[in-house]
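Dear colleague,

I am passing on the structure we spoke about, and below it you will find my notes on what was found. Please read them with the model open beside you.

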Amino acid sequence: MEQVSSTGRPVQITVTDGYDLKGFKGDTPVTFIRAEFNQVVLGDSAKITVSPEGTAKYNFTCSFEFSPEGGVTLDDLAHKPVFLTMTEALPKEKKQKEEKTMILGQAVVDLLPLLEGKSSFETMVPLHPVPGSPLEPLRSGVKQCSLEVKVFVAEPLLTAAQISGGNLLKVTLEAAYSVPESFIPVGPLQNCMVGLQVPSAGEKDYPIYFKNGTLKLGGEREPVPRPKKWPIANILAPGANNIPDAFIVGGPYEEEEGELNHPEDREFRNQAECIKKRITWDLESRCYLDPPAVISLGSFYWLTGFKITESFLSYVSFQKRIADCRFWPVEITRVPPVTVPKGKSAKFEKTDDEGQLSFHGVAYVNMVPLLYPGVKRIRGAFHVYPYLDSTVYEKTKCLFSLFRDTGHNLIQNNKIGGINSPVSKPVISKNLKEDKTVKEKDIEARPRPGDVQAPSIKSQSSDTPLEIEPSLCNNPEGQQYVEAGTYIVLEIELDKALVPKRMPEELARRVKEMIPPRPPLTRRTGGAQKAVSDYHVQIKNISRAILNEYHRMFGKEAAKVGSDLDSETLEEQKCQLNYELNCSGKYFAFKEQLKHAVVKIVREKYLKTTAFESQEELQKFISELYVFLVDQMHVALNQAMPDDVQGTPSAIYTSSEQLRLFAFEAEVNENYEMATVYYEERLVREPQNLEHWLDYGAFCLLTEDNIKAQECFRKALSLNQNHIHSLLLCGVLAVLMENYEQAEIFFEDATCLEPTNVVAWTLLGLYYEIQNNDIRMEMAFHEAFKQLQARVLQAQVTKQRRTSTVEYVEEGGKADSCLGPWGITSGSSTAAVKVEAPAGLGAPLSILDEFLDESSNLQSESHEPILSVQSQDPTTSQKPSNTFVKKTPSKKGASKCQESSTSLHPTLYSVSQTPTTIFMETIRFLMKVNAVQYVHRVLAHELLCPHGGPSCEYYLVLAQTHLLKKDFAKAEEYLQQAAQMDYLNPNVWGVKGHLYFLSGNHAEAKACYERTISFVVDASEMHFIFLRLGQIYLEEKEYEKAKKTYLQVCKRSPSCLTWLGLGIACYQLDELTEAEDALSEANALNNYNAEVWAYLALVCLKAGRQLEAEQAYKYTMKLKLKDESLLAEIHMVQETVGFGNPSF
């Protein structure tokens, strides 16, 4: 790595020209420029007379030495500008000994480009007038007085490694709002200060101070945008205080990263920032983060998952401090200003009041968001709490107070009026040899909670013990911050993100590498069907050619009267025609014309492309082929004469939605072989439909065939690499198969493609939890919550707009809201929402941290949530019931409302409803795709979620998972809990009915099903509830009820099983015509159901139709009917009527 030269290097500042200048005396004043940097005068220019046009050529050059090892450092260049003061030299009057001068204005040159690697730059800086100056103030439409300045260094101040590895930290303190009432603008002036420490690469932490805050009484909101100010004292021109091109722009509360960012905080913040007293600073301080020389990189790789490169070196010290102490203390205090004594020999005399810190408070700033990928800025409001050593150490691991433990340096700086230590920099030592001893001594002396003694703590920068007041353990002045609700608004910004974020292009490229996109398949011009069709065409062509030859030889009249010709004449004409065709070569031509079509049939139809192994095999194949060709020749000739062809019956076409419903029904009955047939038929029909691949993959997850499920999901993703559900399911399978690197790519790509997807962010957070990456897990869950909150708020606004009941809330009013951290409270349906509410809403970090602390204690292998919460009083833990919306399916998509079965395809929550938490929404997604192995981890999070916990839906999901495992006892236990929490939930009774049905208790199942269908709101699985209730009615010989039940489900979502049930009920009621119609519908939808053929045979037997009865009985036996009682009934009826069984 390149080393920066240890010797000082000059930085040259050249003022070349001035424009639009004016003076106090005359139109051509005599002026000169004085340059200052770091409170040191760099030099004065020559006195130049301004031209009548207001221009002046100064060509004034001055310089200062840059020395990274002492003197002017990179930090000085970062936050200290060069001041150019223009002074007018007035002409001498009579009896005047010295020349009189008057300051016209000041210009500010920001040296920040030097930290960006530039060796020179030019800029036009405005000249800000001092009070009373004739220079024009800065305003639009008026030419501004300005100076042209050039800055030059012989070589860049930073090496390539420093440019790529360094970073620039900007801290902006805006204001402290709602300060205690004891802060009054009358009486002795008080210096309100805020400070924090920034870790550096060396042995010293760098303190940042913000001093001389302005106390305001309130009455109006601070304007935005407003300029940020330099943290420098004694600037002559008011306009020179402003940092060029740096503004405080504010923003919606909900988009902040702080603590008071909830809708319920809006009213308080409006009052605090409009009416109540506040202290304003509007200062921005900068700090250069230099790449450290020696770094431990192990924690960085564990924290971020990125490979270590040279560009990351500068971030690790800063990152490690954030990772170790997620909260950084920002101290606030008030000290009385001290007047500097006059006279050279005057000394500072410390009185009793000097050095006393009053109203010592602290705000805890969560710095963890800066470790999120791609995040460079955090801004928010942070509560101020009383400074208590034990609390500060517990939250921040910080042993020393920036103000109290370096008080002697701080007060000294306060006396001389310095801000951000422009002359002397109080630095906190981090000498490793002394640090351990100091910490040990300090911890021993630190007051514990409840201690009453006044211990002494040694300063980090001094061996002199600093006595702590006994009241520090019970800070009454600091407590006033809490009572007043004081908070500070702070912004922390980095020039480069600490953790780089993968670009969407990189993620898309990685996905393409893993799963190459497959373009739609072109239609095949070959194939067996095409080969046979070509054969038919050639037969027709040849037949027409032979007919034309016959007409040429014997005339068309002979063909017309052909029926009157005797057989001898016809045979003679045939022989003549054969002779003519052979002699003319047409027979050979016809054979060659047909040869290609026959070869295609051999290859495409019979798949014969290699030589035969024996003569017998060849003869057998030729015989088979000859029979096929002759049959197809007759088909083609009959097509040429349509009058002789009988019409074929129209085929009954089943839609893709119907096939999906049939597959679900097969899953319910655990007929996985039949379900596979239906899924594969859908794929054969529409191989480019990715939804079919996703459905088949979900079925494979149900049967625990993860490899095939992965193939299906990847096939779907190859058809559309921007499909979010395909990406998420590929990620879920990658996690289940422990391909963690691929899983991260899939989940990250999903969040990039659809940043508002709650499930994508939640699954990404769950992945990071598996990787033990708590910081990124917090980031993902935080973003998921923000998107959920924004979506719900937007839905409420849209709904109220539609119904013309939107409540417009005044600026100082309160928008009633039910949005709480991580979810929605029970009052969500009646919340009044602002129309202008922003899309993105933040989460309170205190509750976020509470949740993360709890979730970090979870064992990743836990599969069963602990049910100790069941002992709680149901009235205290009860959650609001879920609202299920009744769906009326159309004919086209009649099966979409029946997307699952309770026992085997658990999409219990397919109905539209407002999600309560990010975890419950993710659970619904996972249950829909049968990813039950992943569900238990999410259930554990739901249990710990502040606004989640054991709810009715939570217990329903648990019952569902245990039904899949046939653990009926556990399922019944959870359903009892769900019923206690929401007794009127139709889904509870529906699932209980399935439980009793599967366990064989049909009496209880019947009662539960009847209760379910009696509710006004339908459960989410009415199809299977009707099916099983109808089956119970048939078993109990309540045929009228069975008929009514099956008629209802046939109207909703007809299938083979629904029509079969209706047919059985009608047959038992001796309604043979209706029974035959229903059974015919069932047979049309599935002609492989042996039970359908059996009841058709019974109907035909009783109707006296022997042929149909025998045919139906034949298929019943062929399909191997398993119901022995039904087969015995058929035999009994056959014996009664005397026909129907051809075997006797």
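Helices α17 and α18 are roughly antiparallel to each other, because the angle between them is over 145 degrees, the cut-off for that word. Helix α17 covers residues 690-702, while helix α18 covers residues 706-719, and their axes come within 8 Å and cross at roughly 165°. Axes here are lines fitted to C-alpha atoms, for helices over the stretch in contact, with angles running from 0 to 180 degrees between N-to-C directions, and helices are DSSP runs (H or I, at least four residues) numbered from the N terminus. The crossing of α17 and α18 is left-handed, a term used if the near helix is turned anticlockwise from the far one by less than a right angle.

In that contact (heavy atoms within 4.5 Å), the residues of α17 include Trp693, Tyr696 and Leu701, and those of α18 include Lys708, Phe713 and Leu719. By class, the residues of this contact divide into 12 nonpolar, two polar and two charged, where Ala, Val, Leu, Ile, Met, Phe, Trp, Tyr, Cys and Pro count as nonpolar, Asp, Glu, Lys and Arg as charged, and the others, Gly among them, as polar.

This is a predicted model, in which local features need pLDDT of at least 70 and side-chain atom pairs count only at pLDDT 80 or more, whereas totals for chains, interfaces and linings use all residues. Residues are numbered from 1 along each chain as its sequence is written, and side-chain values use heavy atoms, with hydrogens and water left out.

The mean pLDDT (the predictor's confidence in each residue, from 0 to 100) of the protein chain is 76, and 75% of its residues reach 70 or more. Over residues 293-315 pLDDT stays under 50, and for this stretch the model has 53 contacts beyond four places in sequence.

The structure holds 25 aromatic pairs, meaning rings of Phe, Tyr and Trp (its six-membered ring) with centres within 6.5 Å. The rings of Tyr696 and Phe699 have centres 6.3 Å apart and planes at 15°, so this pair is stacked (planes under 30 degrees apart). Tyr696 and Phe699 are three residues apart in α17, and are therefore separated by about one helical turn.

Helix α19 (residues 724-736) and helix α21 (residues 758-770) have axes that come within 11 Å and cross at roughly 15°, so α19 and α21 are roughly parallel (under 35 degrees).

Technical notes. Helix = DSSP H or I, 4+ residues; strand = E, 2+ residues; numbered from the N terminus. Parallel < 35°, antiparallel > 145°, perpendicular 65-115°, else oblique. Phe/Tyr/Trp six-rings, centres within 6.5 Å; stacked < 30°, edge-to-face > 60°.
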